[in-house]
Amino acid sequence: MAEVKVKKEANLSDPAEVENRIKELCHQFPQGITDQVIQNDLPHLEPQQRAMAINKLLSLGQLDLLRNSSGLLYRLKDSQSTSKMKGSDNQEKLVYQIIEDAGNKGIWSRDIRFKSNLPLTEINKILKNLESKKLIKAVKSVAASKKKVYMLYNLQPDRSVTGGAWYSDQDFESEFVEVLNQQCFKFLQSKAEAARDSKQSPMVQRNSSFATSHEVWKYICELGISKVDLSMDDIETILNTLIYDGKVEMTVIAAKEGTVGSVDGQMKLYRGVNAVIQPTGLVKTPCGLCPVFEDCHEGGEISPSSCIYMTEWLDF
Amino acid sequence: MTAQEVRLCGLLLHEHFGEVVEKVGTHLLRSGAQNLRTIIHETGLSVDLVKKSLMVLVQHGACLFSSGRKGPGSPTEYRSGCDRILRILRYPRYIYTAKTLYGDTGELVVEELLQRGHMTMSGTVKTVADRLTQNMEEGRSMDYSEVSSAFSKLVETHFLQRCPKLAGAGTADSTTSAIPPTPESFPDCYKVPHMTLVGRGKRQLAAEDGEDQRNAKRQKMDSEVDEGIYWQVNFERFHLHFRDQAIISAVANKLDQTSSEIVRTMLRMSEVTTSPAATCTKPLSANEIFRSLPASYNIPRPILDQYLTLLVDDPMEFVGKAGESGGGMYVVNLHRALANLARATLESVVQERFGSRSARIFRLLLRKRHLEQKQVEDFAMIPAKEAKDMLYTLLSQNLVQLQEIPKTPDYAPSRTFYLYTVNQLPTARMLLQNCYKTVANLIERRLFESKESKRLLEKSQRIEAILASLQASGAEPEQLTEVEEMITAPEKQQLDALKLHINKLDSAENQVDETIFLLESYVNSTATSTV
């Protein structure tokens, strides 16, 4: 026992040993250790020595300094990333840190400048450097086509940047959306017709003509017309466009948590509907669709008497 | 009284009453209330003509007179309103409705009253009987009692009403209000005068003597019981009927036949109990509805309850639940139904005019009220370039409005939110004006077409007259064919084409009139309701 104590005391005086001890502690707790843990382990270590050891490890880039709700956390840095940063100076490390923090949404070069307070030329040089080292990459944002956001090389860009399932290479795939639109509508329509032909009581008829968003999603997945995996939210956006086309209506019902397809205790139901009125009388005349309606006066160049659209329509 | 309305009224007056009345009518429409001297001076017509035109307009209810602005004793002023004259466009629809409800007799009664404006009951009955008798076979004639019963039925269901008595210009009545009294303010508005008309319809004889005889007889019967009681067509009632029909057909389209029958029953039951400007009908209990359903629809009671629940749950909100007593109290939401129908009309116009994608954007904006451009693209799933193009087209046609919300006190474009929005009521008004212009265009085109082929029409008329006279005097078939061949084949083709064109234009006017009716009812309903 005395030997152990002596050993420990011998360890304490050597700063390298302190650092090693701290590193071992970090290995033990991969999520990170607080100052408290180090203090508990090495009770006789003075706060100054502890601080010195930690600072040394940080500057060597072997320790990561994080902050959580209870205080500061020290975490062992990934050995791979430490090797990457060798040869980069502090500015690059700073920029890299900022980009890493931005996660998979990426960050714009102007924002990097704000966060790091470095001049623009420096930033551009550093970004080029990091790109050549294959540490970061530039992704074109779909919202503003000229804007480029930077993110770590191996991260998948977030949906808001690439546009999600509807965009392939920054291009909006309108035919794909149209096809999905029509398929969903056909599904709902056939369901409604089947319900109508079943000749049951009206309540049952109406309820059976409803389809949950989950059912539609399953149907579309089984159809296999999509190369990309579509989530239920994607299908719901498609169904919303059908609502805006006036072909489908939606209700929300309360569902038990845990039933398939329910989100927060609610389920969305969709149903194909018919139009409320026939195309209105005004559009059955050429005037209703005339592109030069505003310029038409009696006695002018464009007038009812000489209207070519009317002539065509009358001879139809 | 927009320019389009005045133009359309002018065309209608010209067609139905002639040029002189048109001049006086449009002058009154444009200048508001005026007295006789001013009208004569400004239209440049003779006193006689102006007086007669004013008489015609008053007879048809298109013009109202009241004592002048400077108080009683000053010359009467004449005022005209667009609404009444625009009803002329709807006459075919009124006549057709009367025919479907009350048969040929009802149709002719309404037609006579529409043509004459105001008429006594006895006069109407006699004329209608005569007309019906003419079309019947030899030896049969129409009994007055049948026509009177049709007349009474029309009055009972409020389709006809008594004309209100207007105070004469001379009577210094301090209680006369500036607004002329409505027909409903008279208690016996719908009371049929108690008289029995005995007689049968007279066939019109070709000989002159018959007419003289009839004239003599008419003078003897002149001292009738209903002297001074004039009847007119109650347009508001017809409009309520049209509105009910529109709601029923919308329900039939959206749901199914049985639901529309239920709504029809509910509306029929509240026909006379609901005021014209009401937001919804009086509440009806499910028991009452069940009892009043037509006998052919024997749906069991629970099924009826289910249908009613479905109607209430429908997003279109045609029917609402007002309480639980009596098995559930249900009302028909009239104003909301009108708003939905007007909305569907707007959407259909956008769809036909600009395509289904623009219609998608339009419906999206109607639902979500205010949206930014980016949000419009996202919700409607339309590529950014095309969405921008469509939005700008809709904006240039004034169907969509732009709302600016500044972030800074100076309206710097880069720091302002631009939101697209659709206001249903102003857009409906704008479309209504477009409808008026369209109808005016159609009428003008029709007149133009007839004018172009005037020569041809006159020729065909002459030949028809010759044919008729030859047939009456008993000519041989060869003579007839000779006369018929006076019209060459291409001319006949032209005539047929012309007839086709005119019919097409006519029916188009009626179709646009349906749109006008929906939009007008919607605009009027929002004017009166506080919701």
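Q: What makes the crossing of helix 10 of chain A with helix 12 of chain A right-handed or left-handed?
A: In this predicted model, helix 10 of chain A passes helix 12 of chain A in a right-handed crossing. That term applies because the near helix is turned clockwise from the far one by less than a right angle.

Q: Why is helix 10 of chain A called oblique to helix 12 of chain A?
A: Helix 10 (residues 174-197) of chain A packs against helix 12 (residues 213-223) of chain A at about 120 degrees, and their axes are 11 Å apart. Roughly perpendicular covers 65 to 115 degrees and roughly antiparallel needs over 145, so helix 10 of chain A is oblique to helix 12 of chain A.

Q: Which residues of helix 10 of chain A meet helix 12 of chain A?
A: Leu180(A), Gln183(A), Cys184(A), Phe187(A) and Lys191(A) do, and on helix 12 of chain A their partners are Glu215(A), Val216(A), Tyr219(A), Ile220(A) and Leu223(A).

Q: Why does the term roughly perpendicular apply to helix 15 of chain B and helix 17 of chain B?
A: Helix 15 (residues 356-368) of chain B and helix 17 (residues 384-396) of chain B pack at about 70 degrees, with axes 10 Å apart. Angles from 65 to 115 degrees count as roughly perpendicular, so helix 15 of chain B has that relation to helix 17 of chain B. Residues in the contact include Ile361(B) and Leu365(B) of helix 15 of chain B, and Met390(B) and Leu394(B) of helix 17 of chain B.

Q: How do you know that Glu249(A) forms a salt bridge with Lys254(B)?
A: The closest N and O atoms of Glu249(A) and Lys254(B) are 3.4 Å apart. The cut-off is 4 Å, so the pair qualifies as a salt bridge. The count between chain A and chain B is three salt bridges.

Q: How many residues of chain A are in contact with chain B?
A: 51 residues of chain A contact 53 residues of chain B. About 4,700 Å² is buried between chain A and chain B, with 62% from carbon and sulfur atoms.

Technical notes
Residues numbered from 1 in each chain as written. Chains lettered and ligands numbered in written order. Predicted model: local features only at pLDDT ≥ 70, side-chain atom pairs only at ≥ 80, totals over all residues. Heavy atoms only, no water. Axes fitted to C-alpha atoms, helices over the stretch in contact; angles between N-to-C directions. Helix = DSSP H or I, 4+ residues; strand = E, 2+ residues; numbered from the N terminus. Parallel < 35°, antiparallel > 145°, perpendicular 65-115°, else oblique. Contact = heavy atoms within 4.5 Å. Buried area = accessible area lost by both parts, 1.4 Å probe. Salt bridge = Lys/Arg side-chain N within 4 Å of Asp/Glu carboxyl O.
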